[in-house]
Amino acid sequence: MKKPLHPLTLWISAILLAIGVVALDNAWIALAIVGAVAFLVYMRRDGSPWERSFILSLRIGAIILAIRTIVGILIGVPIPGTSLFRLPILELPSWMPGIRIGGAVTLERLSSSLHEGVIIATMIALFGAATSLTSPHKLLRVTPSFIYEIGITLVIATSLFPQLATSARRIRTAQKLRGMENIHIRSIAIPLLEESLSRSLQLAAAMDARGYGISRKRSRYRPVQWLMRDNVIVALTVATSAVMVVR
């Protein structure tokens, strides 16, 4: 079994790389970073329920990329350049100058839409990788006490997609065992909502039973150590991000 990294290591690296990707604004470098992150997730996978969150983040990024491309083709500011094809123009009110629906789709307009979509998808993939390799509950354990309540909110938010992915897979498996062949999103929506509500009630009951919020002091079961490999990974990420920002 691979030794786990410190919970903050991958999140710090994801934030630094996100800053570098936005500052450099290069779609090819962003795709290379996604490939490197995908390789890291593949090498350090451990079969945890959070592992599928990276695949889910890639799917969400692909959907956003497709939507941004379609919107860029249909709606947007005209960009002169090499014309690829032409769409029928829909007239808009006079108080919307400079924006049109349809018209000539140029190579520059299409590449601009793809570029923006790739940058957004890269942001999602970076934080999806951090969630995939680090349990949000472990991250909460190392959160400073003065931002502990904010940390709980963030942990619940970041663990939403992995929990939904795990629940959806479990529901699909149960439906297949019952002989259901054509499984659609509508057939799992109600069971997924019911399980999510049940999990929320269980979480509230568990927090109440443990006296959450009564004492300002935090208890620690086991200290989490920051090791040399964490320093190496963060140092490499800082250097990479610094090069991208400077360029």
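1. A residue is called buried when its relative accessible area is under 20%, exposed when that area is over 50%, and partly exposed in between. Val 71 has a relative accessibility of 38%, so Val 71 counts as partly exposed. This model is predicted, and the points below describe the model.

2. The overall layout comes next. The protein chain contains nine helices and three strands. Along the sequence, these elements follow the pattern α-α-α-β-β-β-α-α-α-α-α-α. Of the 247 residues in the protein chain, 30% are buried. The accessible surface of the protein chain is about 16200 Å², and carbon and sulfur atoms account for 68% of that surface. Among the contacts in the protein chain with a separation of 6 or more, 75% are between residues 24 or more positions apart.

3. Helix H1 covers residues 7-24. H1 has 18 residues, and the distance from its first C-alpha to its last is 27 Å, close to the 26 Å expected at 1.5 Å a residue. The buried residues of H1 include Pro 7, Leu 10, Trp 11, Leu 17 and Val 21.

4. What follows H1? The helix is followed by Asp 25, which has a positive phi, near 55 degrees. Asp 25 sits in the loop between H1 and H2. Most residues other than glycine have a negative phi. Asp 25 is not a glycine, yet its phi is positive. With a relative accessible area of 44%, Asp 25 is partly exposed.

5. Helix H2 runs over residues 27-43. Its 17 residues should span 24 Å at 1.5 Å a residue, and its end C-alpha atoms are 24 Å apart, so the two values agree. Which residues of H2 are buried? They are Ala 27, Ala 30, Ile 33, Val 34, Val 37 and Val 41. Seen down the axis of H2, these buried residues fall within an arc of 115 degrees, so they line one face of the helix. Trp 28, Phe 39 and Tyr 42, on the other side of H2, are exposed.

6. The cover over the buried residues of H2 comes from several elements. Helices H1, H3, H4 (107-133) and H9 (228-246) are included in what covers them.

7. Val 234 is in helix H9. Is Val 234 buried or exposed? Its relative accessibility is 15%, and the cut-off for buried is under 20%, so Val 234 counts as buried. Leaving aside residues up to four places away in sequence, Val 234 touches Thr 9, Ile 12, Ser 13 and Trp 226. The C-alpha atoms of Val 234 and Leu 10 are 8.1 Å apart, although 224 residues separate the two along the chain.

8. Val 71, from the opening point, lies in helix H3. Val 71 is also part of a nonpolar patch on the surface, together with Ile 63, Ile 67, Ile 70, Leu 74, Ile 75 and Ile 99. The accessible area of these residues together is about 600 Å². Helix H3 (residues 53-74) supplies five residues of the patch, the largest share.

9. Side chains of opposite charge can pair when their charged atoms come close. How many salt bridges are counted in this model? The count is one. The side chains of Arg 68 and Glu 116 form it, with a distance of 2.5 Å from N to O. Arg 68 lies in helix H3 and Glu 116 in helix H4, so the pair ties together parts that are 48 residues apart in sequence. Arg 68 is partly exposed, with a relative accessible area of 24%. Glu 116 is partly exposed too, with a relative accessible area of 33%.

10. The last point concerns a strand. Leu 90 is in strand S2, which covers residues 83-90. The relative accessible area of Leu 90 is 51%, and the cut-off for exposed is over 50%, so Leu 90 is exposed. The C-alpha atoms of Leu 90 and Gly 103 are separated by 8.3 Å, and the two residues are 13 residues apart along the chain.

How values were computed:
Residues numbered from 1 in each chain as written. Predicted model: local features only at pLDDT ≥ 70, side-chain atom pairs only at ≥ 80, totals over all residues. Heavy atoms only, no water. Patch = residues over 30% accessible without salt bridge, like charges linked within 9 Å, V, L, I, M, F, W, Y side chains within 5 Å. Areas by Shrake-Rupley, 256 points an atom, 1.4 Å probe, with all protein chains shown as cover. Salt bridge = Lys/Arg side-chain N within 4 Å of Asp/Glu carboxyl O. Helix = DSSP H or I, 4+ residues; strand = E, 2+ residues; numbered from the N terminus. Buried < 20%, exposed > 50% of the residue type's maximum accessible area, 1.4 Å probe, protein only. Expected span 1.5 Å × (residues − 1). Arc of directions from axis to C-beta. Contact = heavy atoms within 4.5 Å.
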